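Please look over the sequence and the model below before reading on. The paragraphs that follow lead from single elements of the fold to the contacts between side chains.

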Amino acid sequence: MRFSLKSSFKPKGDQEKAIKELVEGFQRGNNFQTLLGVTGSGKTFTVANVIEKLNLPTLIISHNKTLAAQLYQEFKSFFPENAVEYFISYYDYYIPEAYLPTTDTYIAKETLINKEIDRMRLSATRSLYERNDVIIVASVSCIYGIGDPNNYFSMRLNLQKNRILPRKKLLNFLAELRYERTEEIILQPSMFRVRGGVFDVFPPYHKTAIRLELMDDIIENVFEIDPVSGFVLREIEEFNLYPTNYFITPEDKLSIAIKRIKNELRERVSELKKEGKLLEAQRLQERTYYDLELLEEMGYCPGIENYSRHLSLREEGEPPYTLIDYFPDDFLIVIDESHMTIPQLRAMYEGDRSRKKTLVEHGFRLPSALDNRPLKFSEIEERFKKVLFLSATPSEYEIKKSGGIVVEQIIRPTGLVDPEVEVKPTKNQMEIIEREVSDRIKRGERVLITTLTKRMAEKLAAFLFEKEFKAKYLHSDLDALERIKLLMELRRGDVDIIVGINLLREGLDLPEVSLVIILDADKEGYLRSETSLIQTFGRAARNINGKVILFADKITLSMEKAIAETNRRRRIQIEYNKKHGIKPSTVQKEIKDFFYKRKYPSLLKVADKKEFYKSPEEAEEMIKRLEKEMREAADRLEFEKAAALRDKIKEIEELILEF
């Protein structure tokens, strides 16, 4: 299974040279390389070519979930015949377990898991086990512990036609893999139902369910079925059934892990009592005994990840297993926007340890919980085999790691030059913004506006909306899939203006955007540094009418350097265009939405005006009525009606987010 790049594009400009240098560099043993690629120069296409030629499983790490989603879409387009997967944090809502000693407040872990992202995470590791042509686009969550791959894959159940598999043994297997039995007609992920010798199982990493037909303890047929209607989609010869989560442990290892937990508990309680911490000792005993009872009876407990050191039989201080450990020995890591991603990778460990240390000190967790953590940066570096750093503004770390050699990709195949940068005073800036935005919208183009705070972004978006512009704000309070949805709306023209903070910088590929406005450009700091400004300018570099307006009352050193570098790149591109007779053109990029498939666009437009439902509560009541109708339709075997009702429920759930 080799990588097969499908694209109507051919390498142009600096791309051909960059691809050749990078591939030859890796083949010579230069395992650390840096590609300095300006915005719009086709870095993603260059990387796709490098992956195809090296033909290695690849992990692409992004510091930003929105950018990770965009990269996932692009690589899925480039490699439709290969396994392109998506691995980010699966929490839509997450409050970590914590204890505040000053107020004696314990905060229990509270989460809302996004089932679709959970499916994609499990699908990613399954692909790594079953094939070599795998690209996984991940956020920095890939350095967090997810359980021992040896445990996970050893519990795989191979379902093969004509295999001998007694009914009772299959039921036991499903229980061990943490599949839950149900009598419902509509199957949910991680559930199964049994009707005589027919087993329907819905793996959480799959979009469809699997049906097994057993006859005299032999698997007679294996089918892929629709989980709602139960209709057979196709017959298959075999299927690998994996556990429903990463922390499930084989029985022999689990018994050893339980003994280790008991030993640690005994030692820790004794230690706390010697220190006079009787309350902490009692608390730890009660909490741990409860977890142990569940582990002994069920093989699982809430917060099982806190016992991951024992479940994987590691020693104190040993690094946890992460997504990186699911890759084979020889693979490629691409660190996208490395100037941002590397600092983020460095910062993960200390923040996590500080919170858990307090829990351990006050008897809420055993000391081994400290080993359920992200990797330290030194441990990440130990796992670096072949690494490609990717950035328009690489930092000293990447350049040093690459031996001071940087492959440059300055020329854009489209002939587009870096946007013209204009500095305007802050006086009357709202009137100027209205005028500039109106001009762009009349030409069918889009606008990005960056602010310094969430509140400012929300207020400016509301102001523009009141002026009858199709404007929305985008910041970290929106979950990952909502951000992706909003960017798709911008590209389609459902939204003309997005107001945001730093989420509108690195890597976002929005060729429809011709104007970027930066407010408070003279406020020196992280968001208005030279690097940040250059990256923000780049959002307007994919459109022939690209322009940047900085609102400032003085020229800072960062502004001066960013404008000078942008002008340098403009000169290089203009000279190249003249020499080769290239006429610049806006990037033409198909709008592909792998996450949101809208079936009721008119309904959504009505909902935007708040006319379809008066409140979220009214919409939720409608969902309850439709769910009842869906189950009744399924009971009457009216599966097409049930499927239509299911789709309508999903659409209304999306509408609730609009309120």
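Helices (H or I, at least four residues) and strands (E, at least two) are DSSP runs, and they are numbered from the N terminus. The model is a predicted one, in which local features need pLDDT of at least 70, side-chain atom pairs count only at pLDDT 80 or more, and totals for chains, interfaces and linings use all residues. Residues are numbered from 1 along each chain as its sequence is written, and side-chain values use heavy atoms, with hydrogens and water left out.

We can begin with two loops. Asp520 is placed in the loop between β24 (513-518) and α16 (530-537), and its phi is positive, about 55°, although Asp520 is not a glycine. To describe how much of a residue is accessible, we call it buried under 20% relative accessible area, exposed over 50% and partly exposed in between (1.4 Å probe, protein chains only). With a relative accessible area of 18%, Asp520 is therefore buried. Arg178, in the loop between α6 (167-176) and β10 (180-181), is another residue other than glycine with a positive phi, in this case near 70°; at 27% relative accessibility, Arg178 counts as partly exposed.

Next comes strand β8 (residues 134-138), in which 5 of the 5 residues are buried, so that the strand is largely enclosed by the rest of the structure. In a regular strand the side chains alternate between the two faces of the sheet. Two strands are said to pair if DSSP finds at least two bridges between them. Strand β2 (residues 58-61) pairs with β8 in the parallel sense over 4 bridges, and there Ile60 stands opposite Val137. Strand β3 (residues 83-87) also pairs with β8 in the parallel sense, over 5 bridges, with Glu85 opposite Ile136.

Elsewhere, 6 strands form an open sheet with mixed pairing, in the order β10-β11-β12-β13-β14-β15. Its edge strands, β10 and β15 (232-235), each pair on one side only. Within this sheet, strand β13 (residues 209-215) and strand β14 (residues 218-225) run antiparallel and are joined by 7 bridges, and Arg211 stands opposite Phe223 in β14.

Among the helices, α3 (residues 65-78) has 14 residues and reaches 20 Å from its first C-alpha to its last, close to the 20 Å expected at 1.5 Å a residue, where the expected span is 1.5 Å times one less than the number of residues. Because 11 of the 14 residues of α3 are buried, this helix is largely enclosed by the rest of the structure; among the buried residues are Leu67, Leu71, Tyr72, Phe75 and Phe78. At the start of α3, a side-chain oxygen of Asn64 reaches to within 3.0 Å of the backbone nitrogen of Leu67.

Side chains of opposite charge can pair when their charged atoms come close. A salt bridge here is a side-chain nitrogen of Lys or Arg within 4 Å of a carboxyl oxygen of Asp or Glu, and the structure holds 38 salt bridges. In one of them the side chains of Glu271 and Arg268 meet at 2.6 Å, N to O. Why are Glu271 and Arg268 separated by about one helical turn? The reason is that they are 3 residues apart in helix α7 (residues 251-274). Glu271 is partly exposed, with a relative accessible area of 39%, whereas Arg268 is buried at 9%.

A salt bridge between Glu445 and Arg443 has an N to O distance of 3.3 Å; Glu445 counts as buried at 7% relative accessibility, and Arg443 is partly exposed at 46%. In the salt bridge that Arg491 forms with Glu512, the closest N and O atoms are 3.0 Å apart. This pair links distant parts of the chain, as Arg491 is in helix α15 (residues 480-492) and Glu512, 21 residues apart from it, is in the loop between β23 (497-500) and β24. Arg491 counts as buried at 5% relative accessibility, and Glu512 as buried at 17%. Finally, salt bridges that share partners join Glu97, Arg287, Asp291 and Arg365 into one network.

Methods. A polar contact is a pair of N or O atoms within 3.5 Å; within protein, one must be able to donate a hydrogen and the other to accept it, and residues adjacent in sequence count only if both atoms are side-chain atoms.
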